[in-house]
Amino acid sequence: MTGSKRFKLGTFSSNCSGGMSITTVPEKWRASWDNNLALARMLDAAGMDFMLPVARWIGWGGESGFHGEVLETLTWAAGLLAATQNISVIATVHAAAFNPVVLAKQMATIDQIGHGRSGINIVAGWNKPEFEALGLSLPDDHAVRYAYAQEWFEIVRRLWTSEDPFDFDGEFFTLKAVHGSPLPFDGPPPVLNAAGSGIGRQFATRNADFLFTPAIDLDRSKEEIAELKALANTAGRSVDVLTFSHVVCRPTTKEAEDYVQYFGYEHRDDYTLDRVIEMQFAHAQSFPHDLLTLIRNRFAVGHGGYPLIGTPEQVADGICAIHEAGFGGTTLSFVDYVAEFPYFRDTVLPLLDARGLRPA
């Protein structure tokens, strides 16, 4: 993740049933281990950069069964890193659900398995029913969530950088003679974090290597990226900004648009769509609330991701536009990752190479 300046491409949410599409079509993604393993090996051979999962503990219900079948992200990452050679595999972690000492050891082990190809996506928390399912309370105050996450990560980071025992006496944790060995394979794994609220952005720019934010409107994104990088600079840090996209790539524009109409509108799961949006807007600040209508349509197709819909040339144009807005990379999702990625690999990746976005 950190060894190249090229525009980074990864996948998102393949560990969850439905992926990023709230649809009832029969070909919707099934998040089996075999499917994820096949996808990982395919991505690795194609030179893709990373795989990013969603941490989900209970599904959304509804006819689509969206995120009802989920592979836990730490064990998922360990298995995929053991089965691949070059691709980075990120583990998404709710800070409140893991003891920081245990998590630091789990991640160091995973990084040893992957010889430095792991990464962590830290989530402070927003999905209240999931917290309740785990017997946890989700603080209404964003400041409390991020104060906890900051203290939690300070412990993790210290365990990743020193084998010397230490005590820790904080607001949320009291530790005695704790230490971590072995350390991660080649320094601390890269950190991802979604940058939504003001407090969330302060946490992200203080701690993360990659900030993750939606690309709703690319003109708006240019200003947001500049603000995020400036905020990081004030903390003496340099960060990159990633977004997420949903791909429907077909030989003709009509074929692509017809498929979006089919899976994203005619067969969308409105009950689940409404639940997901309600929870996002009740407890998270990742998406701008003034663009709700546009966001609702995009949630049905790709969970709010930037739409890359059309011919290979049109999809490549969309990725280039994301790059020109200042993003350092994007995740990709598909209705069926394994069935659809090969066409993207064979038609879009060569166009991006020719345009200089992904030099070897």
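**Exercise 1.** In this predicted model, find which ring the charged end of Arg-158 sits over, and state how far from the centre of that ring the charged end is.

*Solution.* Begin at Arg-158 and follow its side chain to the charged end, which sits over the ring of Phe-166, 4.0 Å from the centre of that ring. Then turn to Arg-250, which lies over the face of Tyr-259, at 4.6 Å from the ring centre.

**Exercise 2.** Describe the aromatic pair that Tyr-259 forms with Phe-263, and decide whether Tyr-259 is buried or exposed.

*Solution.* The centres of the two rings are 5.1 Å apart and the planes of Tyr-259 and Phe-263 make an angle of 40°, a pair that is tilted. Next, place the residues in the chain: because Tyr-259 and Phe-263 are four residues apart in helix H8 (residues 253–266), about one helical turn separates them. Finally, Tyr-259 is buried, and Phe-263 is buried as well.

**Exercise 3.** Work out how helix H1 (residues 33–46) is oriented relative to helix H12 (residues 337–354), and which residues meet.

*Solution.* First take the geometry, in which H1 and H12 pack at an angle of about 10°, with their axes 10 Å apart. Angles under 35 degrees count as roughly parallel, and therefore H1 is roughly parallel to H12. Then list the contacts: Asn-35, Ala-38, Leu-39, Met-42, Leu-43 and Ala-46 in H1 meet Tyr-337, Val-338, Phe-341, Pro-342, Arg-345 and Leu-349 in H12. Sorted by class, the residues of this contact are ten nonpolar, one polar and one charged.

Technical notes
Residues numbered from 1 in each chain as written. Predicted model: local features only at pLDDT ≥ 70, side-chain atom pairs only at ≥ 80, totals over all residues. Heavy atoms only, no water. Axes fitted to C-alpha atoms, helices over the stretch in contact; angles between N-to-C directions. Helix = DSSP H or I, 4+ residues; strand = E, 2+ residues; numbered from the N terminus. Parallel < 35°, antiparallel > 145°, perpendicular 65-115°, else oblique. Contact = heavy atoms within 4.5 Å. Nonpolar A, V, L, I, M, F, W, Y, C, P; charged D, E, K, R; others polar. Phe/Tyr/Trp six-rings, centres within 6.5 Å; stacked < 30°, edge-to-face > 60°. Buried < 20%, exposed > 50% of the residue type's maximum accessible area, 1.4 Å probe, protein only. Lys NZ or Arg CZ within 6 Å of the ring centre and 35° of its normal.
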